[in-house]
Amino acid sequence: TWGQQRKVMIKKVVEEDKEGMLSFEELLRRVNTTFQEDQIFETYQTLHQLDELIEKGKIKNKKGEIMKPTDVNYLAWKGSDLYKEIASDIETLNKFLTVVKELDLTDYAKYGWNLGKEWKGLKTWYRTVPGLPSIDVACECLINHHIFIPLSLFAEVDLYSTWMPRVCHCEVKKNYSRFRKTVQCEVSFPWPFNNREGVCHGYGTTLPEQNAVVVIMRSTEPGIKEHIGCPIPGLLKPKNVRFSLHCGGFYFKHLSESQTLFRGVFNVDPCMSFIPQWLINFAMKKVVFALLGIIQEKCKAFSGSEYEKRVTSNSHLYDEIRKRLN
C-alpha cells in the first residue's frame with residue numbers, strides 16, 4: 001500500500017547544488033507544478049523531501065541562507081491551504097486503501113464488517129462502532145468492460161443525479177484541475193428523515209503497482225467557509241441536513257482488457273442521534289446494492305450514450321486518462 005511505500009527512501013525530485021543544498025523556492029515550485037498536474041505521489045515525495053531535509057539543515061532560501069524548522073517562511077508554508085490539502089489527501093488515501101484491503105480478506109468480519117447483501121457477485125457491507133455517529137459502507141462488483149468505461153461513467157459528476165439511487169442533485173462547484181474538484185450533492189432520505197447534503201472535495205489518481213485507479217473524497221469540515229479559493233455554498237434547501245463524509249471513494253482495478261473490479265467505500269456521519277437498523281438495511285439493499293446493478297447496466301449501454309459523446313468531445317480529459325492508464 002501507499003502507506004508502506006512512503007516509508008521507502010524518497011527519490012531526489014530536486015537536484016542538490018555543489019554544497020549539497022536544495023532551494024526552498026524550487027521545491028515549492030515543484031510541489032505546485034505536480035499538484036496542478038494531479039501527480040499526487042510526486043507531490044508528496046517533494047513535500048516529504050522538503051520536511052525531511054529542512055530538519056537536517058539542507059534547505060536554503062533565495063538569499064542562500066540555511067533555513068531552520070522555525071523559519072517564518074517555512075511555518076507559513078506549513079500553515080497554507082495547499083500544504084493542508086496535500087496532507088489531507090495522503091491521510092484520506094491511506095484510510096481508504098486500508099479498508100479496500102480489508103475487503104480482500106475472507107475473514108473481513110473480524111474487522112467488524114457485516115454482509116449487507118450478496119447476489120451474483122454483487123456485495124454490500126456495513127459496520128458501526130457503538131458510541132460513534134458514523135457508519136462505514138462498502139460495496140463490490142465485477143464489471144465486464146475495460147477499466148476506461150466505468151471511469152468515464154464516474155468522471156461525469158454532473159450526471160450522477162440521473163442514475164445514482166437517491167442522488168437528487170450533484171453539481172461541480174469548482175474544477176481545480178482535470179482530476180480534482182469540489183462538488184455539492186443532495187441525497188434523498190426516506191420518511192421521516194430530511195434529505196442530506198454535503199460539499200465534497202475529491203481527486204483521482206492511478207495506483208500503478210495495483211493496476212488500479214482510485215477516486216478519493218472527503219467533505220468540508222463544519223465551520224469552514226472556503227476551500228482553496230472555492231466558497232463553501234449554503235444548503236440547497238432550508239430543511240436539508242449536512243452530512244460529514246470523513247473518507248470515501250471508488251476503487252477500479254484493471255483485471256483484464258474486458259474486466260474491472262469495482263469497489264466503493266464510505267465512512268459517513270449522516271448527522272443522526274441514532275441510525276436505526278431498518279435504515280441501514282434499506283441503504284444496503286435499496287440504495288448501495290441497486291447502485292452496483294445500475295453501474296453494470298450503464299457500462300453495457302456505453303456505446304452511443306451521452307458518456308461516449310462526452311468522451312469524444314472532451315479529449316483534454318479523456319486523452320490524459322488513456323495516457324495514464326497506459
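Analyst: A salt bridge, as the term is used here, is a side-chain nitrogen of Lys or Arg within 4 Å of a carboxyl oxygen of Asp or Glu. The structure is a predicted model, in which local features need pLDDT of at least 70 and side-chain atom pairs count only at pLDDT 80 or more, while totals for chains, interfaces and linings use all residues. Residues are numbered from 1 along each chain as its sequence is written, and side-chain values use heavy atoms, with hydrogens and water left out.

User: Why are the side chains of glutamate 118 and lysine 123 said to meet in a salt bridge?

Analyst: The distance from N to O is 3.9 Å, and because the limit is 4 Å, the pair qualifies. It belongs to a structure that holds 21 salt bridges.

User: What makes glutamate 118 partly exposed?

Analyst: Its relative accessible area is 46%, and buried means under 20%, exposed over 50%, with partly exposed in between (1.4 Å probe, protein chains only). Lysine 123, at 24% relative accessibility, also counts as partly exposed.

User: How do you know that glutamate 320 and arginine 324 are separated by about one helical turn?

Analyst: They are four residues apart in helix α9, residues 315-325; helices (H or I, at least four residues) and strands (E, at least two) are DSSP runs, numbered from the N terminus. An α-helix has 3.6 residues a turn, so residues three or four places apart point the same way. The side chains of glutamate 320 and arginine 324 meet in a salt bridge at 2.8 Å, N to O. Glutamate 320 is buried at 12% relative accessible area, whereas arginine 324, at 21%, counts as partly exposed.

User: What puts the buried residues Leu317, Tyr318, Glu320 and Ile321 of α9 on the same side?

Analyst: Leu317, Tyr318, Glu320 and Ile321 are buried in α9. They cover an arc of only 155° around the axis, which puts them on the same side of α9, the arc being that of the directions from the helix axis to the C-beta atoms. The buried residues of α9 pack against α6 (148-155) and α8 (306-313), where contact means heavy atoms within 4.5 Å. The face turned away from that buried side carries the exposed residues His316 and Lys323.

User: Why is the aromatic pair of tyrosine 108 and tryptophan 125 called edge-to-face?

Analyst: Rings of Phe, Tyr and Trp (its six-membered ring) pair if their centres lie within 6.5 Å; planes under 30 degrees apart count as stacked, over 60 as edge-to-face and the rest as tilted. By this rule the count comes to 13 aromatic pairs. Tyrosine 108 and tryptophan 125 lie 5.8 Å apart, centre to centre, with 75° between the planes, and so the pair is edge-to-face. Tyrosine 108 lies in the loop between α5 (81-102) and β3 (114-119) and tryptophan 125 in strand β4 (residues 122-128), so the pair ties together parts that are 17 residues apart in sequence. Both count as buried, tyrosine 108 at 19% relative accessibility and tryptophan 125 at 1%.

User: How do you know that lysine 117 lies over the face of phenylalanine 289?

Analyst: A charge sits over a ring if NZ of Lys or CZ of Arg is within 6 Å of the ring centre and within 35 degrees of the ring normal. Lysine 117 is 4.4 Å from the ring centre of phenylalanine 289 and lies over its face. Arginine 196 likewise lies over the face of phenylalanine 189, at 5.3 Å from the ring centre.
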